[in-house]
Amino acid sequence: MVKFNKVASFLVLGACFFTTQGMAAGGGTHLESADIRPDNIASLQRGARNFMNYCSGCHSAQYVRFNTIGKHLELSEDDLVENLMFNADKSYETIRAAMPAASAARWYGKAPPDLSLMARARGADYVFTFLKSFYVEEQSPTGVDNVVLPGTSMPDVLWELQGYQEAVFSHHENEDGSVTTTFEGFEQISPGLLDAEEYDEFVRDTVNFLVYIAEPIRSDRRKLGVWVLMFLIFFFILAAQLKKQIWKDVK
């Protein structure tokens, strides 16, 4: 089992995961493939750790219970209590945001959304690309912006891991006098605690967990589906043989 590390400052690191200023990818930004592994238990355990340390300060996940997470991620109740249940007393409780909704609304304009269904609503690729696409923007109140969601009010809570980067834009003047701005890529300003490959893995695990909580019964449903298909195939063959036997003398 993955060893979970508590982050003492998780209450203030959560901030606003997605803002109210629009939920579409800005400027037609290309979305990277998240390439998640929904059946990789170790990845899901790491993702649960990441979520609780960096997201649950501001975001809830009110449609999934800790004991459900423990069951599917092969974690005992002691594991849950010691490593995940920072602001819950019972394992049947759901994930609640540590930051009061009223305070979050006052600081960020609106309370950060519940993330239970975010990956299902936006897609794993969107969330993966969003978490990699913060860049330094001096005119932003938080000091950063995001090319996937321009104008986001979410601070770059993962800056220490990824480091700071600068977005490179090209500007093209059109015949009608308007200017088209195109995103060209990022340039690293300062390194983070993780290199690019490690950071991608960190984000991938986090997104994997978000995809899991959007549909915790996915694994059980797929297993049941296999048995249903086997049942249907068996009785299809049985029915075909029965029909052949009944109609063998009919010409």
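The lining of the largest cavity has 8 nonpolar residues, 2 polar ones and no charged ones. Here Ala, Val, Leu, Ile, Met, Phe, Trp, Tyr, Cys and Pro count as nonpolar, Asp, Glu, Lys and Arg as charged, and the others, Gly among them, as polar. This is a predicted model: local features need pLDDT of at least 70, side-chain atom pairs count only at pLDDT 80 or more, and totals for chains, interfaces and linings use all residues. Residues are numbered from 1 along each chain as its sequence is written, and side-chain values use heavy atoms, with hydrogens and water left out.

**The chain**

- The chain holds 10 helices and 6 strands. Both are DSSP runs, numbered from the N terminus: helices are H or I with at least four residues, strands are E with at least two.
- Of the 251 residues in the chain, 40% are buried. Buried means under 20% relative accessible area, exposed means over 50%, and partly exposed lies in between (1.4 Å probe, protein chains only).
- Among contacts between residues at least 6 apart in sequence, 73% join residues at least 24 apart. A contact means heavy atoms within 4.5 Å.

**The largest cavity**

- Rolling a probe the size of a water molecule over the atoms shows where empty space is left.
- On a 1 Å grid over the protein atoms alone, a cavity is a set of points where a 1.4 Å probe fits but cannot get out; a pocket is an open set with protein on both sides within 12 Å along at least five of seven lines. Lining residues have an atom within 4 Å of a point.
- Grid points are joined across faces, edges and corners, and a volume is the space filled by probe spheres set on the points.
- The structure has 1 cavity of 30 Å³ or more. The largest cavity has a volume of about 50 Å³.
- Its lining has 10 residues, and Tyr 54, Cys 55, Leu 131, Leu 158 and Thr 206 are the closest to the centre.
- Helix 2 (41-54) and helix 9 (196-214) are the elements that give two or more residues to this lining.
- Leu 131 sits in helix 7 (residues 124-132). With a relative accessible area of 4%, Leu 131 is buried.
- Leu 131 and Val 203 are 72 residues apart along the chain, yet their C-alpha atoms are separated by 7.0 Å.

**The second largest pocket**

- This pocket has a volume of about 250 Å³.
- It is lined by 16 residues; Pro 38, Asp 39, Ile 41, His 72 and Ser 219 lie nearest its centre.
- Helix 2, helix 3 (66-72), helix 9 and helix 10 (218-246) each give two or more residues to the lining. Helix 10 gives the most, with 4 residues.
- By class, the lining has 7 nonpolar, 3 polar and 6 charged residues.

**Aromatic rings**

- Rings of Phe, Tyr and Trp (its six-membered ring) pair if their centres lie within 6.5 Å; planes under 30 degrees apart count as stacked, over 60 as edge-to-face and the rest as tilted. The count is 12 aromatic pairs.
- Trp 159 and Tyr 164 are stacked, because their ring centres lie 5.5 Å apart and their planes meet at 5 degrees. Trp 159 is partly exposed at 38% relative accessibility, and Tyr 164 is partly exposed at 31%.
- Phe 209 and Tyr 212 form a tilted pair, 6.0 Å centre to centre with 40 degrees between the planes. Both lie in helix 9, 3 residues apart, about one turn of the helix.
- Ring pairs link Tyr 135, Phe 169, Phe 183 and Phe 186 into a cluster.
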